[in-house]
Amino acid sequence: MNENNQHKLDSNKKNAIAFYRMAYLGDPSTAIAKYVGAEYIQHNPVVADGKQAFIDYFSEMGRDYPEKEIEFVRAVAEGDLVALHTHQTWPGNDQYVTMDFFRFDEQGKVVEHWDSIQKVPDESMNDNKMY
């Protein structure tokens with residue numbers, strides 16, 4: 001891999017984390033303005049498609065759950081995709097593990113999103129963390 005491609009992958013990982021953190025922690029409008037391209041295609045079935053729907057969803061989440069926390073466990077980049085693995089803690093100590101995938105355009109802007117969310121169970125058949 002040449003140095004330019006590696007720089008692009010590293011930049012996309014950094015931008016995916018910054019985008020997600022900013023939206024999750026209460027500033028989705030700025031996250032959209034700074035990190036999203038001409039379109040935003042949403043594959044999460046509980047969030048409508050498009051930029052404004054994203055802003056509305058994360059604004060409501062921020063109002064309803066301001067004390068939530070997120071830890072970025074790992075980020076993997078390949079081609080125009082970045083995958084983020086996170087550990088989220090919500091009110092009442094509800095904990096979730098997420099896998100988010102973001103597609104970037106040629107300008108390094110997020111244009112598409114997929115995710116999978118799983119609650120961390122109280123009991124496990126092994127001692128390994130999910131994150």
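**Labels and their cut-offs**

Author: The side chains of Asn 44 and Asp 115 make a polar contact at 3.0 Å. This is a predicted model, in which local features need pLDDT of at least 70 and side-chain atom pairs count only at pLDDT 80 or more, while totals for chains, interfaces and linings use all residues. Residues are numbered from 1 along each chain as its sequence is written, and side-chain values use heavy atoms, with hydrogens and water left out.

Reader: What makes the pair Asn 44 and Asp 115 a polar contact?

Author: A polar contact is a pair of N or O atoms within 3.5 Å; within protein, one must be able to donate a hydrogen and the other to accept it, and residues adjacent in sequence count only if both atoms are side-chain atoms. The side chains of Asn 44 and Asp 115 are at 3.0 Å, so the pair falls within 3.5 Å.

Reader: Where is Asn 44, and is Asn 44 buried or exposed?

Author: Asn 44 lies in the loop between β1 (36–42) and α3 (51–64). Helices (H or I, at least four residues) and strands (E, at least two) are DSSP runs, numbered from the N terminus. Buried means under 20% relative accessible area, exposed over 50%, and partly exposed in between, with a 1.4 Å probe and protein chains only. Asn 44 has 9% relative accessibility, so Asn 44 counts as buried. Leaving aside residues up to four places away in sequence, Asn 44 touches His 113, Asp 115 and Ile 117; contact means heavy atoms within 4.5 Å.

Reader: Why does Asn 93 count as exposed?

Author: Asn 93 has 52% relative accessibility, and therefore counts as exposed. Asn 93 is in the loop between β3 (81–90) and β4. Its phi is near 65°, a positive value in a residue other than glycine. Most residues other than glycine have a negative phi.

Reader: How do you know that the buried residues of α1 are on the same side?

Author: The buried residues of α1 are Leu 9, Asn 12, Asn 15, Ala 16, Phe 19, Tyr 20, Ala 23 and Tyr 24. They cover an arc of only 145° around the axis, which puts them on the same side of α1. The arc is that of the directions from the helix axis to the C-beta atoms. On the other side of α1, Glu 3, Asn 4, His 7 and Lys 14 are exposed.

Reader: Why is the pair of Phe 19 and Phe 102 called edge-to-face?

Author: The structure holds 11 aromatic pairs. In the pair of Phe 19 and Phe 102, the centres are 5.9 Å apart and the planes are at 85°. Rings of Phe, Tyr and Trp (its six-membered ring) pair if their centres lie within 6.5 Å; planes under 30 degrees apart count as stacked, over 60 as edge-to-face and the rest as tilted. The pair is therefore edge-to-face. Phe 19 is in helix α1 and Phe 102 in strand β4 (residues 94–104), 83 residues apart. Phe 19 counts as buried at 1% relative accessibility, and Phe 102 counts as buried at 2%.

Reader: What makes Lys 68 sit over the ring of Tyr 24?

Author: The charged end of Lys 68 is 5.0 Å from the centre of that ring. A charge sits over a ring if NZ of Lys or CZ of Arg is within 6 Å of the ring centre and within 35 degrees of the ring normal. Lys 68 is listed as sitting over the ring of Tyr 24.
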